[in-house]
Amino acid sequence: MTPETRLNHSLPLLLYIATATTGLIDAISYLALGHAFTANMTGNVVFLTFAVAGAPGLSIRRSLTALIAFMIGALIGGRVATRLSEVSTSSWITTALSLESALLLAATLVAINFRDSSGRSFQLYSIIVLTACAMGFRNATVRKMAIPDLTTTVLTLTITGFAADSRFAGGTSPRWRRRLLAVLLMFFGAVIGTLLLRRSVVLPLATATLLSICCVVMPMKRRVALAPREAS
């Protein structure tokens with residue numbers, strides 16, 4: 001079994017962790033950054049249209065900043081995937097996850113002593129840009145992986161498949177455990193993010209960063225552990 005094959009077998013676990021991370025980021029961006037999603041662009045576009053229509057409590061500037069930063073991250077992620085995936089799947093994924101971790105770490109450092117989401121502070125918009133760029137980068141990477149029902153940021157199709165393909169609907173309930181686990185992980189990630197926000201913005205961001213770093217370390221440790229076996 002090649003390193004790429006082993007990595008493909010471990011990808012669902014990495015994407016489960018990434019899904020929980022998305023729940024954290026959604027909680028942070030909506031509750032602490034002025035009601036602008038930086039991971040869920042469907043919700044963010046809806047918020048943007050509400051803000052354009054003059055709905056109170058929403059900001060065109062914040063939502064638009066998140067959308068642009070997300071697209072920039074996705075653009076860079078797509079470029080990295082195009083260049084590196086053809087050379088080595090394992091190195092491409094490790095590089096992509098490392099860059100996401102670096103962006104989340106930068107957001108964590110910027111968030112130190114962050115207090116208020118009102119106004120137009122440089123600190124607020126820096127956190128929005130860094131987290132949205134990280135999520136855009138990850139979405140481009142996950143899209144290239146093309147693992148069914150593990151998009152890590154959007155659950156609409158996952159929940160639709162869970163119901164529409166179920167035995168109650170005349171289907172065979174394929175991958176129902178994966179679909180259910182993805183929903184639960186995002187749910188619990190958002191719950192944990194909400195609870196940690198009671199203390200500070202830094203705590204949930206640091207947790208998201210650590211989870212992202214785990215996604216980098218796990219395949220690297222696996223390859224190191226398997227290297228002696230392959231050599232022998």
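1. **A buried charged pair.** Glu100 is buried, and Arg138 is buried too. Buried here means under 20% relative accessible area; exposed means over 50%, and partly exposed lies in between (1.4 Å probe, protein chains only). The two residues form a salt bridge, with their closest N and O atoms 3.2 Å apart. This pair links distant parts of the chain: Glu100 sits in helix 4 (residues 89–110) and Arg138 in helix 5 (residues 122–145), 38 residues apart. A salt bridge is counted when a side-chain nitrogen of Lys or Arg lies within 4 Å of a carboxyl oxygen of Asp or Glu. Side chains of opposite charge can pair when their charged atoms come close.

2. **What the model is.** This is a predicted model; local features need pLDDT of at least 70, side-chain atom pairs count only at pLDDT 80 or more, and totals for chains, interfaces and linings use all residues. Residues are numbered from 1 along each chain as its sequence is written, and side-chain values use heavy atoms, with hydrogens and water left out.

3. **The second salt bridge.** A search of the whole structure finds two salt bridges. Arg179 pairs with Asp165, and again the closest N and O atoms are 3.2 Å apart. Arg179 belongs to helix 7, while Asp165 is in the loop between helix 6 (156–164) and helix 7, 14 residues apart. Arg179 counts as buried because its relative accessibility is 4%. Asp165 has 28%, so Asp165 counts as partly exposed.

4. **Overall fold.** The chain has eight helices and zero strands. Along the sequence the pattern reads α-α-α-α-α-α-α-α. Helices (H or I, at least four residues) and strands (E, at least two) are DSSP runs, numbered from the N terminus. Of the 232 residues, 47% count as buried. Among contacts with a separation of 6 or more, 72% join residues 24 or more positions apart. Contact means heavy atoms within 4.5 Å.

5. **Leu48.** Leu48 lies in helix 2 (residues 41–52). At 14% relative accessibility, Leu48 counts as buried. Leaving aside neighbours within four places in sequence, Leu48 is in contact with Ile60, Ser63, Leu64 and Leu67. The C-alpha atoms of Leu48 and Ala66 are 10.0 Å apart; the two residues are separated by 18 residues along the chain.

6. **Surface and nonpolar patch.** The chain exposes about 11,900 Å², and carbon and sulfur atoms supply 67% of that area. Accessible areas come from the Shrake-Rupley method with a 1.4 Å probe; for residues, only the protein chains shown count as cover. A nonpolar patch on the surface has about 850 Å² of accessible area in total; its members include Phe162, Trp176, Phe187 and Ile192. Patches are made of residues with over 30% relative accessible area and no salt bridge: like charges are joined within 9 Å, nonpolar side chains (Val, Leu, Ile, Met, Phe, Trp, Tyr) within 5 Å. Helix 7 (residues 176–197) gives the most to the patch, with nine residues. Leu181 has a relative accessible area of 34%, so Leu181 is partly exposed.

7. **The largest pocket.** This pocket holds about 230 Å³ of space. Helix 5 and helix 6 are the elements that give two or more residues to its lining. Helix 5 gives the most, with three. Lining residues include Asn139, Val142, Arg143, Pro148 and Leu157. On a 1 Å grid over the protein atoms alone, a cavity is a set of points where a 1.4 Å probe fits but cannot get out; a pocket is an open set with protein on both sides within 12 Å along at least five of seven lines; lining residues have an atom within 4 Å of a point. Grid points are joined across faces, edges and corners, and a volume is the space filled by probe spheres set on the points.

8. **Cavities.** There are two cavities of 30 Å³ or more. The largest cavity holds about 60 Å³. Helix 1 (3–32), helix 4 and helix 5 each supply at least two lining residues. Helix 1 gives the most, with four. Arg138, from the first point above, is one of the residues that line the largest cavity.

9. **Two backbone points to check.** Most residues other than glycine have a negative phi, and most peptide bonds are trans. Ser173 is not a glycine, yet has a positive phi of about 55°. Arg175 likewise has a positive phi of about 55°. Ser173 is in the loop between helix 6 and helix 7, and Arg175 lies in that loop too. Ser173 counts as buried at 17% relative accessibility, whereas Arg175 is partly exposed at 38%.
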